[in-house]
Amino acid sequence: MGLFFSFLSAVLSSSKDLVSKRLAFRLDSTASTYASFAYALPFYMIALIAMSLFGWETVTLSASFWLLVLLRSITDTMAEWLKMHAFEHGDISIVASFFSLSPLFLLITSPLITGDQLAPLGALALVIVVIGSLLLVYRPTSHGWRRQKKAIFLAIAAAIFFSLNSCFDRLAVQEGNPVFAGFTMTLLSALFLFPLIIRSRPRLESLRAQRTGLLIRAVLEFTFMSSKLIALQYLTATDVVGIQRLALVFSIVGGYVFFKEEDLPRRLSAGILILAGVFLITWLQLT
């Protein structure tokens, strides 16, 4: 079950990113980030109502659960905020390279926060996945890396917060229902960003204009997050995040098909490394 939902979340993550890329031409980063949370809330509510009708326990009231939800929402909002600002100060290829370091930070944060221990082969698998991710998106520009120090530091900080986010996700789903955990986390993240939206008429108008695309992405966001949280009930955060890097391989094909992106051979070569790391993680879970 853990492997199935991890692979499913990778496919959904790639699909969500393809829709987000198309929306990026029509929305600013703050409005898009807010919509990714807020527009998913109705789908969470429908799922929770359906689960209640079938008699499945959904609501968790323990103080520790709500503390984890709060910590997860804060780290998620910070990670997204840092990511959007990093894109403002540097080339997307360089910034994305440093986002890919998140699994490596998990090698440190996961044992400390969740207590999950990683075998040496598991650590090697994560390193292989990260190297493949870096080769996939790395392309030095004429500006050089030195002139983009701010973007690099912001991207590294975002990767750290993403690793913390996955750890709190892992702990939260050990205490509560994954769908309810996803709903509460998403609700808090939307509330954090709501003041930045309600005060801006252009952002409100852009959200209304792009409602159809945002609803499509919201379905993908809901199913992606639910799949990820279910996977975290069975696997460690390092395993799930490592397998989710497979989304980059799907994005290679999607970018080539839908956006006519170039440099396909180099990207597919890097994708082989990602597949090798994912295969090793899968093999370790099955043995």
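Modeller: What follows is a short talk through the helices, the salt bridges and the surface of this model.

Modeller: This is a predicted model, in which local features need pLDDT of at least 70, side-chain atom pairs count only at pLDDT 80 or more, and totals for chains, interfaces and linings use all residues. Residues are numbered from 1 along each chain as its sequence is written, and side-chain values use heavy atoms, with hydrogens and water left out.

Colleague: Fine. How many helices and strands does the protein chain have?

Modeller: The protein chain has 14 helices and 0 strands, where helices (H or I, at least four residues) and strands (E, at least two) are DSSP runs numbered from the N terminus.

Colleague: And what percentage of the residues count as buried?

Modeller: Of the 287 residues in the protein chain, 52% count as buried. Buried means under 20% relative accessible area, exposed means over 50%, and partly exposed lies in between, using a 1.4 Å probe and protein chains only.

Colleague: At what angle do α9 and α11 pack?

Modeller: Helix α9 (residues 178-198) packs against helix α11 (residues 211-234) at an angle of about 130°, and their axes are 9 Å apart. Axes here are lines fitted to C-alpha atoms, for helices over the stretch in contact, and angles run from 0 to 180 degrees between N-to-C directions. That angle makes α9 oblique to α11, given that angles under 35 degrees count as roughly parallel, over 145 as roughly antiparallel, 65 to 115 as roughly perpendicular and the rest as oblique.

Colleague: Changing topic, how many salt bridges are there?

Modeller: The count comes to 6 salt bridges, each being a side-chain nitrogen of Lys or Arg within 4 Å of a carboxyl oxygen of Asp or Glu. One of them joins the side chains of Arg203 and Asp28, at 3.0 Å from N to O. Arg203 lies in helix α10 (residues 201-209) and Asp28 in the loop between α1 (2-23) and α2 (29-38), so this pair ties together parts that are 175 residues apart in sequence.

Colleague: Is Arg203 buried or partly exposed?

Modeller: Arg203 counts as partly exposed, at 21% relative accessibility, and Asp28 is also partly exposed, with a relative accessible area of 33%.

Colleague: What about Arg72, which residue does it pair with?

Modeller: Arg72 forms a salt bridge with Asp76, and their closest N and O atoms are 3.1 Å apart. Both residues lie in helix α4, 4 residues apart, which is about one turn of the helix, and both are buried.

Colleague: Where do Asp116 and Arg170 lie?

Modeller: The side chains of Asp116 and Arg170 meet in a salt bridge of 3.0 Å, N to O. Asp116 lies in the loop between α6 (102-113) and α7 (120-137), and Arg170 in helix α8 (residues 149-175), so the pair ties together parts 54 residues apart in sequence. Asp116 is buried, with a relative accessible area of 16%, and Arg170 counts as buried at 12% relative accessibility. Elsewhere, salt bridges that share partners join Arg72, Asp76, Asp169 and Lys228 into one network.

Colleague: Last one, which residues make the nonpolar surface patch?

Modeller: Leu67, Leu70, Leu71, Ile74, Met78, Trp81 and Phe192 make a nonpolar surface patch of about 590 Å². Helix α4 (residues 63-89) gives the most to this patch, with 6 residues. Met78 lies in helix α4 and is partly exposed, with a relative accessible area of 31%. Patches are made of residues with over 30% relative accessible area and no salt bridge, with like charges joined within 9 Å and nonpolar side chains (Val, Leu, Ile, Met, Phe, Trp, Tyr) within 5 Å.

Methods. Areas by Shrake-Rupley, 256 points an atom, 1.4 Å probe, with all protein chains shown as cover.
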